[in-house]
Amino acid sequence: MELQQAIYSHLPHQRRQSSGGWLSFNCPCCVDNGEARNDTRQRGGIRSDNESVSYHCFNCGFTASHKSGRVLNKKMLVLLRNLGMPESDIKRLQLDAIRQKELADGPTLFISKTQVTRIPIFKEVELPEGSELLEDILRSDNPDERAISAAKYLLDRGIYDFVDTYWSPHPIFRQRVIFPFYQGERIVGYSGRDFTGKNEAKYMSKTPKDFLYNIDAIKRNRKYLIVTEGTIDAACLDAVAIMSNEASDTQIDYINQFKGEVIVCPDRDKAGEKLIKQAIENGWSVSFPRWEEDLKDAGDAIQRYGKLYTLKSVIDGSISNSTKINVKMRLR
Ligand SMILES: [Zn+2]
């Protein structure tokens, strides 16, 4: 099993053979898992046989394992990265693992799985019943009051001019602004944002699996690709949004197809740290813009400073050095 050899060649030099076939060394994951300092007592251990490899840390409790014929799971990838294995080697091991799995599964899966990182053509969807461009509704003779409230919400947030949005009289959507998700000219999903602040669900969305808002931006030939958590932030900054506080593995693969510099602009809350850690793992830059304390995300900044200043502050505030990113993250 090539994975085992690859792992053993990246283990720290200081190690000892323990009982039960475990090889012990300092765990490289303790700090990530909330320990105050790095392991110095060789509490991490690895054990393998022909078919599998398992890792366990007695300090932070982190575990990871892999069995032949499966793809490398998330925790195993974390372990490999923390052991300092280069991203290119990890990718190669993952491809090997996928190939092994396909050989085990038979020929059909082989075809679908090898395309795992290519951005697919997402399926076209219909917007909610009766949806019309908000702009067209407002131009009509007698626009619905609720459509006017939707427009007011966008104006108040300073984003009316930057995004095409829809409104629908459908009971589930009439108190929402509908942001269409495009791929090319096709609508492949949407998100309905509550504009009253009274609905329990802030968003009612139809999102294809692993889709990123404004996904076409990844293919563009540009210097920067800004990645945000929220749709509205992305809509205004022509960024892509992961529409969550953590990117999926597949979203990460899509983002990594961008040719220029990726700049993550995380929300300024505790949950934003997840995306920052993913940025460090993938060699992306992270932006810590100089905004006033009370602003939580790019959308708030646009509301206060306008689009251009916000965009400039995101680019000016970006850092590519992972050590500095770590320090900044802790100072937030
Ligand atoms: Zn540990």
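I began with helix 11: the face turned away from its buried side carries the exposed residues Leu308, Lys312 and Asp316. I counted a residue as buried if 20 or more other C-beta atoms lie within 10 Å of its own, as exposed if 12 or fewer do, and as partly exposed in between, with C-beta atoms placed from the backbone. Helices (H or I, at least four residues) and strands (E, at least two) are DSSP runs numbered from the N terminus.

The model is predicted; local features need pLDDT of at least 70, side-chain atom pairs count only at pLDDT 80 or more, and totals for chains, interfaces and linings use all residues. Residues are numbered from 1 along each chain as its sequence is written.

Next I looked up the buried residues of helix 11 (residues 307-316) and found Thr310, Leu311 and Val314. Seen down the helix axis, they fall within an arc of 100° (taken from the directions from the axis to the C-beta atoms), so they line one face of helix 11. Their cover includes helix 7, helix 10 (298-305) and strand 13 (261-265).

The core has 53 residues, and Val227, Val240 and Val264 have the most contacts inside it. Helix 7 (residues 231-237) gives the largest share, five residues. At least three residues come from each of domain 2 (126-208) and domain 3 (212-332); the domain bounds come from an automatic or database assignment. Apart from this core lies another, of 17 residues, among them Cys29 and Val53.

Conventions
A nonpolar core is a set of buried Ala, Val, Leu, Ile, Met, Phe, Trp, Tyr and Cys residues joined through C-beta atoms within 7 Å. Two residues are in contact if their C-beta atoms, placed from the backbone, lie within 7 Å.
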